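The following note sets out numbered points on the model shown below. Please read them alongside the sequence and the coordinates.

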Amino acid sequence: MKERISKWLGTDKHSPYVKDFFYNANMRASIYMSIIVITLELWMIARMIRTVIEENLGNIIERIIENYFSNYFILLACGLLTLGYAVNAVFSKQWVKWLTAPVVVLCISVIVFEIRMLSKFSERDKTASDLVNYLILLTSAGAMIFFAVLLFRGAGGRKWPSMAVTYIFSFVGINFGIIMSVHSFSKGDQILTFLTMELFVVCLLIWRPWMGFLVLTGSYLVFYYRISGIVDISTVPRVGGIIDLNKAAIGLGDGVKINGFTMWLSTLVFCIANYKRTLSQAEKDEDLVQINEQLREISIHDELTGIHNMVYFRTEAEKMLGYVTTDRENSVFLFMDIENFKSYNEKYGFLKGNELLISMAGFTEEIFAGSLVSRFSDDHFVVFTHRNGCEEKVARLSEKIHDIQHEVHLELKCGAYKPEPDDNDVSLACDRARFACNSIKKRYHQDLRFYDKKLEEQFRLKQYIVNNIDTAIENDDIKVFYQPIVDTSDGCICGLEALARWKDPKYGLLPPGMFIETLEEYRQIHKLDQTVIRIVCRDLKDAFDNGQPAVPASINFSRLDFELYDVPAFLDECVREYGVPKEYLDVEITESALTENSGLLEKTMDVLRGSGYKIWLDDFGSGYSSLNVLKDYQFDVLKIDMKFLAGFGSNEKAAPILINIVDLTKQLDMISLTEGVETKEQYEFLGKIGCNRAQGYLFSKPCPKDELSEKIVSGQLNVTKRYCRGDAAER
Ligand code: C2E
Ligand code: CA
Ligand code: CA
């Protein structure tokens, strides 16, 4: 209830936005009001001068002073001053300060006039009200000179002097209205000046209701008091105890046609309605502004870390690159990545991972204070900063990351790219910095790398790969090389691994190491893998058709394949189209593909096994969670990573580990296969420990189909009997 009353009276607190809204509304109203007042006053002054001259009333100056000129001057000055402040507040125009000159001249004239009047005060037949009026004029003139000087010195845009001037204007205006109308009233004329001033002040400007009430009631009471000094108020007719100006005036000549009470009431109602309307408009606007602000915040900030996002980074960096004042020579884009963040996430959970990212964002902003810092994605951050001192800052950041790591070894990796004189593409700059960053992954001694000529070449190749994969497939530039897999029990070939090659007209024969990762990064890998599957099926069909040895082929799949297309459906379609039995195609999935436990992959693997394909686990032992993978999924063949054999002979632990892994495969009912067999000793060792299959350069490097056939025909390689004659019956 208290709140409602306070709201109704306008004594409640306004938000800064609403206050500003009222201020602006008042300043705009002041512009109209002051222009009307200035025009009216100039016109009135001209008219009075004409009357004085026409009537030739003796000493002109004397007459001017007596003819209320001070009142016109002060109002004119006040109008000019208000105009100055209001225009400055709304349009921030500097020329308004020259309005100071006429204001000061007018105010000084008023002071001179009034001092003269005061000195002759006793000589004339003047009332106490006149004395009060002289004093009001003198003080207003003084105050206005003060504010005029402030305006000249540039205070126009500030709120308090502007508001003070509006209050002075209201006071001077209403006082003017009272004086003029009391004068008119005494001659039996209308009191329109008072009414006009009330309307200007109370209805054009917006007041809180209680203030409007005070201003209105106060001015009406003063007016009432002043006219009551002129007419014998007891003889004046009243309506309900309140003076009836309408009838009162009749006795004095031409009547004033307005009923005072109704006038007061209607002005007050108008004043309150005006306030309410403006308030609701202001509150609506404030809501909109807030929503807009929130939307803006969301659109340029990263939700998790609270620092800016890439939308902001791109626009701001682009702007900065566009400035002539930007010292490009001394600017650099940094791309940062926390190596092993994935393992940290896995080990401590998402919440801890998020905390780490938030800390990283905080450190980066702190160390690169004053630079453009944003989160790129995941655990990647970008910075646009000064070249000088960036090594030292990266080192500091790297130290901070080391400080907060627990058992997972976190490493900060940073790539830097210095923009060339005319390259303004922020995304490309970030790509290059990222490329430099990726080039030092897994190099434990290095945390910063600048993008250089060598990287530029690699970067171009990467772009070439992304841009040309479709053409390469169309032009049959994608080839499949086969590497034999040997059965350790008889040394014969029991399988072939299909390995992709890109025979490029410009770069020559590219090994998969040069394009697989890029195709994965750009989610194009499925194009390559589908091509490889088709080629393998076609080669098998040819072998069957020509009665040549047809050996099952294992095909490498990327984790993304399972996201990008329906692998079982595609395989089924191919085997049907080429007439290849399903057991001739094996699916190799690397251990690293399985560390992110995805339900989709698990389901797809079940479907594949269910429909007759064998699933091989590739690169076993290369990652952190090899045993988890064995626990969670089921495989037919386990391919033991090359690194175990690489250590064979030099590392004593290699042999016992291999023995244990092979034992494990037996317990889990899997076939064991060791990759990277390069020497006879290795091969013999594998046979001794019961490893079922072997693959490596000792038997053959990956080679084209025809080369492999020659090796078989020449007897250099033997094929397991079962696969020697691919005949139609087999199918
Ligand atoms: P991977 O599946 O582990 O393939 C074995 C890699 O080891 C092959 O390299 C092969 O040439 C090499 N290698 C075989 N025996 C030996 C040896 O005795 N000693 C040494 N040092 N290396 C040996 P390659 O052909 O360069 O393939 C590299 C990787 O690229 C493959 O590793 C596989 O992950 C990927 N890849 C190859 N073809 C494809 C494909 O068609 N699709 C997908 N998604 N990935 C593929
Ligand atoms: Ca493989
Ligand atoms: Ca492998």
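Throughout, buried means under 20% relative accessible area, exposed over 50% and partly exposed in between, computed with a 1.4 Å probe on protein chains only. This is a predicted model, in which local features need pLDDT of at least 70 and side-chain atom pairs count only at pLDDT 80 or more, while totals for chains, interfaces and linings use all residues. Residues are numbered from 1 along each chain as its sequence is written, chains are lettered from A and ligands numbered from 1 in the order in which they are written, and side-chain values use heavy atoms, with hydrogens and water left out.

1. Domain layout. The protein chain is divided into domain 1 (2–286), domain 2 (310–451) and domain 3 (463–723), with bounds that come from an automatic or database domain assignment. Between the C-alpha centres of domain 2 and domain 3 the separation is 37 Å. Contact (heavy atoms within 4.5 Å) involves seven residues of domain 2 and six residues of domain 3.

2. First calcium site. Glu497 (OE), Asn556 (OD1), Glu588 (OE) and Asp618 (OD) coordinate the calcium ion (ligand 2) at 2.1 to 2.3 Å. Donors here are N, O and S atoms within 2.8 Å of the metal (3.2 Å for Na, K and Ca); water is not among the atoms, so sites may look incomplete. The sequence spacing of these donor residues is E-x58-N-x31-E-x29-D. Distant parts of the chain are linked by the pair Glu588, in strand S12 (residues 585–590), and Asp618, in strand S13 (residues 614–620), which are 30 residues apart. Strands (E, at least two residues) and helices (H or I, at least four) are DSSP runs, numbered from the N terminus. Glu588 and Asp618 are both buried.

3. Glu675 counts as buried because its relative accessibility is 5%, and Asp618 counts as buried because its relative accessibility is 5%.

4. The shared ligand. Which residue bridges the calcium ion (ligand 3) and the calcium ion (ligand 2)? Asp618 does so, and the two ions lie 4.0 Å apart.

5. Helix H25. The 14 residues of H25 (residues 654–667) should span 20 Å at 1.5 Å a residue, and the end C-alpha atoms are 20 Å apart, which agrees; the expected span is 1.5 Å times one less than the number of residues. Ala654, Ala655, Leu658, Ile661, Val662 and Thr665 are its buried residues. They lie on the same side of H25 because they cover an arc of only 125° around the axis, the arc being that of the directions from the helix axis to the C-beta atoms. Asn660 and Gln667 are exposed on the other side of H25. The buried residues pack against S13, strand S14 (637–640), helix H24 (642–646), S15 and H26. Asp669, which follows H25, has a positive phi, near 65°.

6. Helix H15. H15 (residues 390–404) has 15 residues and reaches 22 Å between its first and last C-alpha, close to the 21 Å expected at 1.5 Å a residue. Its buried residues are Cys390, Lys393, Val394, Leu397, Ser398 and Ile401. Their arc of only 140° around the axis puts them on the same side of H15. Exposed residues Glu399 and Asp403 sit on the face turned away from that buried side. Among the elements covering the buried residues are strand S3 (331–339), helix H14 (350–367) and strand S5 (380–386).

7. Individual residues in helices. Asn133, in helix H6 (residues 128–152), counts as buried at 7% relative accessibility. Its side chain makes a polar contact of 3.1 Å with that of Asn175; a polar contact is a pair of N or O atoms within 3.5 Å, where within protein one must be able to donate a hydrogen and the other to accept it, and residues adjacent in sequence count only if both atoms are side-chain atoms. Val18, in helix H2 (residues 16–55), is buried with a relative accessible area of 3%. Not counting residues up to four places away in sequence, Val18 touches Leu279, Ala282, Glu283 and Glu286.
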